[in-house]
Amino acid sequence: MAKLQPVRGTHDIMGDKARTFRFIHSTFQNIARRFGHEEISTPIFEFTEIFSRTLGETSDVVSKEMYTFEDRGGEKLTLRPEYTAGIARSFISNGLQQSVPCKFYGFGPMFRYERPQKGRMRQFHQMDVEILGVPEPQADIEVLALAATLLRELGMMDDITLELNSLGDPESRLAYRDALVEYFTAHKDKLSDDSLARLEKNPMRILDSKDEGDKVLVADAPKISDYYNETSRAFFDEVLNGLDALGIEYVRNERLVRGLDYYSHTAFEFVTSKLGAQGTVLAGGRYDGLIEKMGGPATAGIGWAAGMERLADLISPDLVPEDERPIAVVPVGAEGQTEAMRLAQVLREAGFAIDMSYRGNMGKRMKRANKANAVAAVLVGEDELKRGVVTVKKFDDGSQSEVALDQLLDHLAEYR
């Protein structure tokens, strides 16, 4: 049989990687709760329409990257490529419009068919934050503050820059869209095929083009700030003033846009130069038109997502705590096996981490204890049990002593 391998673009998470993921996730959970967010977990797959309608039929995600299949009942389903659409669907399905503001956070795997490379997997993991039902710019400031707090507590904010822009309100955005169509139409002969396809339906996406010829045209394209009305300008000014008040540094990037028409006002990315081409570690924006587009009530929304794999590549290993060191319970001879198992269960129920090997003489079991980085070993022998004691060996200082069974929990208390 050929050697089994994981599917291309997926990976097993274990050992140091699992410990790093767990630390990042627990830090995220802690911060999200401090900001008043409630945990949500939506299904890994949804009806395909949930994503095709919200991400846009012409987007690369929908046209090239979604894992879509038909189930046995003939339903067309898609593994989720991102979190926001599922959360918006959940908001509508559960009738949460009466409960706004809704503040959610979530974590889980996402799926996109892409060419695997560093920082870009076919199954990857995202942390997600959303605020629904708050049209005021305070929500924008708060989700940005949450993101900055997370990156700071993960020890990586010094290597990351917040890039920020405003898409304006629908009126400003429409005026800007018309200006882009007029500008790029005058240069149609120089546009790439992809950008030509986007010109009528999604002209803002031309600004994201990686084609070198397109980049030359984009450099001289109209700037969105020239098309802000007073409402848009005042909204963005309030966001910037809030970030200044909180001491959150940012760089204005007028080419940072979102192609779909339900986006408005704030758009942002936290980027780094330490991950090569995949430099965006956290990104988001305001999507006030999304839930209405999906058939729900008009509801403001803003949020972001961060890739766990990219954060794991950035974090310093020194910041990730080691796993709790266990106590090894070691039977001495066959007679002590049953009592050792009973004692191990008592200790586990009392809150101790316990390692217990399944076979071998005492020497081999002690080697197992060392390999498990045990902090101490409890030796359970027949003669000691008759006297109601066990032997406790502490590895860090090498001390060894007999301890009465009824005093064992107190003796080991420092390791709980």
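These legends go with a set of close-up views of a predicted model. Since this is a prediction, local features need pLDDT of at least 70, side-chain atom pairs count only at pLDDT 80 or more, and totals for chains, interfaces and linings use all residues. Residues are numbered from 1 along each chain as its sequence is written, and side-chain values use heavy atoms, with hydrogens and water left out.

**View 1**
Helix α8 covers residues 212-219, and its buried residues are Asp-214, Leu-217 and Val-218. These three sit on the same side of α8, because they cover an arc of only 100° around the axis. (The arc is taken from the directions from the helix axis to the C-beta atoms; helices are DSSP runs of H or I with at least four residues, strands are runs of E with at least two, and both are numbered from the N terminus.) Turn to the face away from the buried side and you find Glu-212, Val-216 and Ala-219, which are exposed. Here buried means under 20% relative accessible area, exposed over 50%, and partly exposed in between, with a 1.4 Å probe and protein chains only. The buried residues of α8 pack against α6 (170-185) and α7 (193-201); contact means heavy atoms within 4.5 Å.

In α13 (residues 362-371), the buried residues are Arg-365, Met-366 and Ala-369. They also share one side of the helix, since they cover an arc of only 100° around the axis of α13. As a reminder, an α-helix has 3.6 residues a turn, so residues three or four places apart point the same way. Lys-364, Lys-367, Asn-370 and Lys-371 are exposed on the other side of α13. What do the buried residues of α13 pack against? Their partners are β12 (327-332), α12 (337-349), β14 (376-381) and β15 (389-394). Just after the helix, Asn-373 takes a positive phi of about 60°.

**View 1. The Asp-355 to Arg-368 salt bridge.**
The side chains of Asp-355 and Arg-368 meet in a salt bridge, 2.8 Å from N to O. This pair links distant parts of the chain, 13 residues apart, with Asp-355 in strand β13 (residues 354-355) and Arg-368 in helix α13. Asp-355 counts as buried at 13% relative accessibility, while Arg-368 counts as partly exposed at 40%. For a salt bridge, a side-chain nitrogen of Lys or Arg has to be within 4 Å of a carboxyl oxygen of Asp or Glu. By this rule the count comes to 16 salt bridges.

Glu-46 forms a salt bridge with Arg-89, and their closest N and O atoms are 3.0 Å apart. Glu-46 lies in strand β2 and Arg-89 in helix α4 (residues 84-93), so the pair ties together parts that are 43 residues apart in sequence. Glu-46 is buried, with a relative accessible area of 7%, and Arg-89 is buried too, at 18%.

Phe-45 belongs to strand β2 (residues 45-47) and counts as partly exposed at 44% relative accessibility. Together, Ile-44, Phe-45 and Phe-69 make a nonpolar surface patch of about 260 Å². Leu-77 is in strand β4 (residues 76-79) and counts as buried at 8% relative accessibility. Not counting residues up to four places away in sequence, Leu-77 touches a set of residues including Phe-45, Glu-46 and Phe-69.

Buried or exposed: which is Thr-266? Thr-266, in strand β9 (residues 264-271), counts as buried at 1% relative accessibility. The Thr-266 side chain makes a polar contact with the side chain of Asp-140 at 2.7 Å. (A polar contact is a pair of N or O atoms within 3.5 Å; within protein, one must be able to donate a hydrogen and the other to accept it, and residues adjacent in sequence count only if both atoms are side-chain atoms.) Leaving aside neighbours within four places in sequence, the contacts of Thr-266 include Asp-140, Phe-235 and Arg-286. Arg-286 counts as buried at 0% relative accessibility and forms a salt bridge with Asp-288, the closest N and O atoms being 2.8 Å apart. Asp-288 counts as partly exposed, at 23%.

Technical notes. Patch = residues over 30% accessible without salt bridge, like charges linked within 9 Å, V, L, I, M, F, W, Y side chains within 5 Å. Areas by Shrake-Rupley, 256 points an atom, 1.4 Å probe, with all protein chains shown as cover.
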